[in-house]
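Thanks for coming, everyone. I have one structure to walk through today. Please bring it up on your screens.

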Amino acid sequence: MSVDTPVTSDYHESHIDLGRMGIEMTDMDGTRSEAAPAESHGLSGRRAAVKKLALGAGVAGAVWAAPAINGTSVVPAVAGAQTTLPPIIEGGPTSGLCAEKTSGCYSGAGGNDQFQATFGSGGVWNFFFQGCSALSTESVALAGILGPNLANAYEPPPGYKCKMILHNGNSGDQIYDTGYVSNPINGIADTGGFVFIGTADFPDGQNKVCVVIQCDPV
């Protein structure tokens, strides 16, 4: 592609060849010749600016200053690419991390309603359901499970904040959302036994409850 710029000189016309990165001249008799850079020929400021534009566009990675009108660049700036971490979802509304009462009660620590959830890169949340329907004593607490997270039952993946969402395990309806929790959850240490969904917050009358852990970039 060539940009033709008429000029008043001994030449009929000039061409700026982006591929060759030079100025190509056409004489009156049709003879073409390549001139040295615009600055050495004392060309007008306008032709020099166009020359610089052509050179910058023709060389990959070249740094050049765009021509300006009244101090404003005529070429808009291009924003740098940004990388956004994807959300992390563990569990599902009707399957996965689901606790179900037996004879009206959750099993508590060490039973079938205790879970060791791992997610993302280094994320962990160990917890269990406890309590019974009869006295509405249901709650969810951190589980102290033997292993590297015995005294650190909750840890979000680096760069994330997490929350726990409870669903009715039969219908899939959302019934409770902790909101994004702090780390540690209790502000001290995420040791086993700490209740983070108390009886006052736990939805009454739920037999099967499924957990969704949702983590989003900080």
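Start with a cut-off: a disulfide here is a pair of cysteine sulfur atoms within 2.5 Å.

Before more of that, the ground rules. This is a predicted model, where local features need pLDDT of at least 70, side-chain atom pairs count only at pLDDT 80 or more, and totals for chains, interfaces and linings use all residues. Residues are numbered from 1 along each chain as its sequence is written, and side-chain values use heavy atoms, with hydrogens and water left out.

Now, the disulfides. How many does a search of the whole structure find? It finds 3. Count the bonded cysteines along the chain, and the pattern is 1-5, 2-3, 4-6.

Back to Cys98 and Cys210. The torsion about their S-S bond is about 105 degrees, so this disulfide is right-handed. The pair links distant parts of the chain, with Cys98 in strand E8 and Cys210 in strand E16, 112 residues apart. Strands, labelled E, are DSSP runs of at least two residues; helices, H or I, need at least four; both are numbered from the N terminus. Are these two cysteines buried or exposed? Terms again: buried means under 20% relative accessible area, exposed over 50%, partly exposed in between, with a 1.4 Å probe and protein chains only. Cys98 counts as buried at 18%. Cys210 counts as buried at 0%.

Next, Cys105 and Cys132. Their disulfide has an S to S distance of 1.9 Å. With 110 degrees about the S-S bond, the link is right-handed. Cys105 lies in the loop between E8 and E9, and Cys132 in the loop between E10 and E11, so the pair ties together parts that are 27 residues apart in sequence. Cys105 is partly exposed, at 24% relative accessible area. Cys132 is partly exposed too, also at 24%.

Then Cys162 and Cys215. Their sulfur atoms are 2.1 Å apart. The link is right-handed, with 105 degrees about the S-S bond. Cys162 sits in strand E13 and Cys215 in strand E16, so parts 53 residues apart in sequence are tied together. Cys162 is buried at 0% relative accessibility. Cys215 is buried at 0%.

On to strand E10, residues 123-130. Why call this strand largely enclosed by the rest of the structure? Because 7 of its 8 residues are buried.

What does E10 pair with? Pairing needs at least two DSSP bridges between two strands. Strand E9, residues 114-119, runs antiparallel to E10, joined by 6 bridges. Gln116 stands opposite Asn126 there. The two strands form a hairpin with 3 residues between them, and Gly120 in the turn has a positive phi of about 60 degrees. Strand E11, residues 139-142, is also antiparallel to E10, over 4 bridges. Gln130 has Ser139 as its bridge partner in E11. Strand E12, residues 154-155, pairs antiparallel with E10 over 2 bridges. Trp125 faces Tyr154 in that pairing, standing opposite.

Trp125 comes up again in the core. A nonpolar core is a set of buried Ala, Val, Leu, Ile, Met, Phe, Trp, Tyr and Cys residues joined through side-chain atoms within 4.5 Å. The largest one has 28 residues, and those with the most contacts inside it are Trp125, Phe127, Phe129, Leu166, Phe196 and Ile213. Several strands each supply at least two residues of this core, among them E9, E10, E13 and E16.

Last topic: charges. A salt bridge is a side-chain nitrogen of Lys or Arg within 4 Å of a carboxyl oxygen of Asp or Glu. The structure holds 2 of them. Lys101 and Glu138 meet at 2.6 Å, N to O. Lys101 lies in the loop between E8 and E9 and Glu138 in the loop between E10 and E11, so the pair ties together parts 37 residues apart in sequence. Lys101 is buried at 8%, and Glu138 is buried at 1%.

The other pair is Asp177 and Lys163, with the closest N and O atoms 3.4 Å apart. Asp177 is in strand E14 and Lys163 in strand E13, 14 residues apart. Asp177 is partly exposed at 29%, whereas Lys163 is buried at 13%.

Finally, Asp190, in the loop between E14 and E15. Asp190 is buried yet has no salt bridge, and the nearest side chain of opposite charge, Lys161, is 17 Å away. For charge, Lys and Arg count as positive and Asp and Glu as negative; His and the chain ends are not counted. What lies 2.7 Å from a polar atom of the Asp190 side chain? The backbone nitrogen of Ile185.

Key
A polar contact is a pair of N or O atoms within 3.5 Å; within protein, one must be able to donate a hydrogen and the other to accept it, and residues adjacent in sequence count only if both atoms are side-chain atoms.
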